[in-house]
Amino acid sequence: MILSIVILGIIVFIHELGHFLTAKFYKMPVFEFAIGMGPKLFSKKINGTVYSVRMLPLGGFVNIGGMQPEEFDMEEFRKEKIDEITKDLKEDLEIAEIEISDDEFVERAERRLNIEMEEELERQVAISENGFYKKSAFSRFVVLIAGIAMNFISAILVIFLIFSITGIVPSKHTKPVINVIQNDSKVKDILQPNDEIVELNGRKISEWGELSEEIQKINGEKYANQDIDVKVLRNGKMLDNKVKLTYYKDLKTYVLGIQVKMKKSTFSERVKYSFVVFGDYFVMMLKGVKMLITGKVPFKEMTGPVGLPKLIGAAYNSGGMLSLLNIFIILSINIGLMNLLPIPALDGGRILFVLPEFVGIKVNKKIEERIHMVGMILLMILMALMMFSDITKYF
C-alpha cells in the first residue's frame with residue numbers, strides 16, 4: 001500500500017508540476033497546487049498559491065484561475081460568506097468556550113468578511129487580467145500538454161536509469177549473436193556460439209526482437225517440424241543452413257533454443273535506447289487502449305488505484321527495485337497517454353477545444369465547460385466501477 005501511494009504520488013506530482021510551472025511561466029494565477037483528492041491534510045499558502053496534500057492519494061490538481069468561464073457576482077459571494085463566517089465563528093467560540101457580546105460578534109465577523117472580500121477581489125482581478133482564457137491559444141496548449149510531457153519525460157529518464165544500472169543494451173534491440181545453445185536444442189550441431197543470425201525464414205534480421213517476432217510468426221502458421229532456412233555470419237563468412245525448431249513444454253511453443261549474447265552499452269546507446277524503448281512501451285499501451293475500446297480486453301482486466309497495491313507488491317517481491325522502476329515507467333506512460341486521449345475533463349479533451357483556435361475557430365466556453373462537467377461525471381462513474389472491480393479481485 002505504501003509503495004503504491006509513493007509511486008502514484010510521485011507520478012501525479014510530476015504531472016501537476018508540468019501544469020503548475022508552465023502556468024506560472026505565462027503568469028496565470030494559480031490558486032492551489034494539490035496532491036490527492038478529498039479533505040485537506042496539510043496546506044500552506046505562499047504568494048497567493050495554496051500548496052496542499054489531500055486525504056485520498058488518487059490524483060491531484062492545479063487550480064488555475066479562469067479555467068471556468070463563469071460570471072462572478074460579488075454581492076452573491078458576500079451573502080454566502082456571511083453565512084459561512086457566522087457559522088464558523090459560532091463553532092470556534094463554542095469550542096473555545098468563550099462568550100462575547102453581540103456587538104463584538106458582529107465586529108469579528110465583519111473583520112473576517114473584509115479579509116475574505118479583499119482576497120476574492122484580488123483573485124478576480126488576477127483572473128480578469130491573466131486568467132487561463134485571457135491567454136493565447138498557444139499558451140493554453142502548452143499548459144495543458146505540459147503535464148503529459150512531464151510524465152513522458154520522467155518515463156524516459158527512468159528507462160535511462162535502468163540501462164545505467166544494468167549497463168547493457170535491451171535484449172530486444174541487441175544484435176542477434178548467439179551466446180549459449182541449449183543442450184536439447186535441435187540446432188546444437190548446426191549453429192555455434194558467436195554466430196550472428198542475419199536471416200531467418202527469408203526475413204532479414206538485425207535485432208534479437210526481429211528474430212523473436214519471426215519465430216512467433218512461424219508458430220502462428222502452425223509449424224510442423226519442417227526445415228527453416230537460416231543464414232549466419234561466422235568468423236566473417238556467410239553460411240546457409242537448414243534448422244528445425246525445438247518444442248519446449250514449459251513455454252508451450254517452438255523455439256530455436258538459443259540465448260542472446262548481451263552487449264555492454266555506451267552512454268550514447270543508453271540515450272538512444274531510452275527513447276526507443278519508450279516508443280515500444282507507448283505503442284504497446286496504445287494497442288491496449290484500442291483493445292479496451294473495441295472490447296477485445298474485458299473491463300474486469302483493468303486495474304485501478306485500489307488494485308495497484310496487489311500488482312506493485314507482486315512486482316516488488318519478484319524483481320525488487322528494478323521491477324518498481326518498470327512499474328513507474330508503465331504507470332507514467334499510461335497516465336500520460338490516458339490524459340492525451342480526447343476525453344472531456346481530461347487534458348486531451350481540453351486540448352481538443354484549444355486546437356480549433358489556431359485556425360480562428362472559437363468554441364463557446366460555457367458549452368465547453370458543460371461538456372467537461374459531463375465528462376467528469378462519467379469519469380467518476382468509471383472510477384467507481386473500477387474500484388469495485390479491484391475490490392472483488394482481493395477476494
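A residue is termed buried when its relative accessible area is under 20%, exposed when over 50%, and partly exposed in between (1.4 Å probe, protein chains only). The structure is a predicted model, in which local features need pLDDT of at least 70 and side-chain atom pairs count only at pLDDT 80 or more, while totals for chains, interfaces and linings use all residues. Residues are numbered from 1 along each chain as its sequence is written, and side-chain values use heavy atoms, with hydrogens and water left out.

Helix α8 spans residues 347-354, and seven of its eight residues are buried, so this helix is largely enclosed by the rest of the structure. Helices (H or I, at least four residues) and strands (E, at least two) are DSSP runs, numbered from the N terminus. Among the buried residues of α8 are Arg350 and Phe353. Arg350 forms a salt bridge with Glu369, their closest N and O atoms being 3.0 Å apart; a salt bridge is a side-chain nitrogen of Lys or Arg within 4 Å of a carboxyl oxygen of Asp or Glu. This pair links distant parts of the chain, with Glu369 in helix α9 (residues 365-393) and Arg350 in helix α8, 19 residues apart. Both partners, Glu369 and Arg350, are buried.

The count of salt bridges comes to 21. A network of them links Arg140, Glu357, Lys365 and Glu368. In helix α2, Glu84 and Lys81 are three residues apart and therefore separated by about one helical turn; their side chains meet in a salt bridge at 3.3 Å, N to O. Lys81 counts as buried at 14% relative accessibility, whereas Glu84 is partly exposed, with a relative accessible area of 38%. Helix α2 covers residues 74-96 and also contains Glu76, which is partly exposed at 39%.

Four of them form an open sheet in the order β5-β4-β6-β7, with antiparallel pairing; two strands pair if DSSP finds at least two bridges between them. The edge strands, β5 (203-204) and β7 (237-243), each pair on one side only. Strand β6 (residues 228-234) runs antiparallel to β7 and is joined to β7 by seven bridges. One of the residues concerned is Arg234, whose bridge partner in β7 is Lys237.

Arg203 counts as partly exposed at 27% relative accessibility, and Glu213 as partly exposed at 39%.
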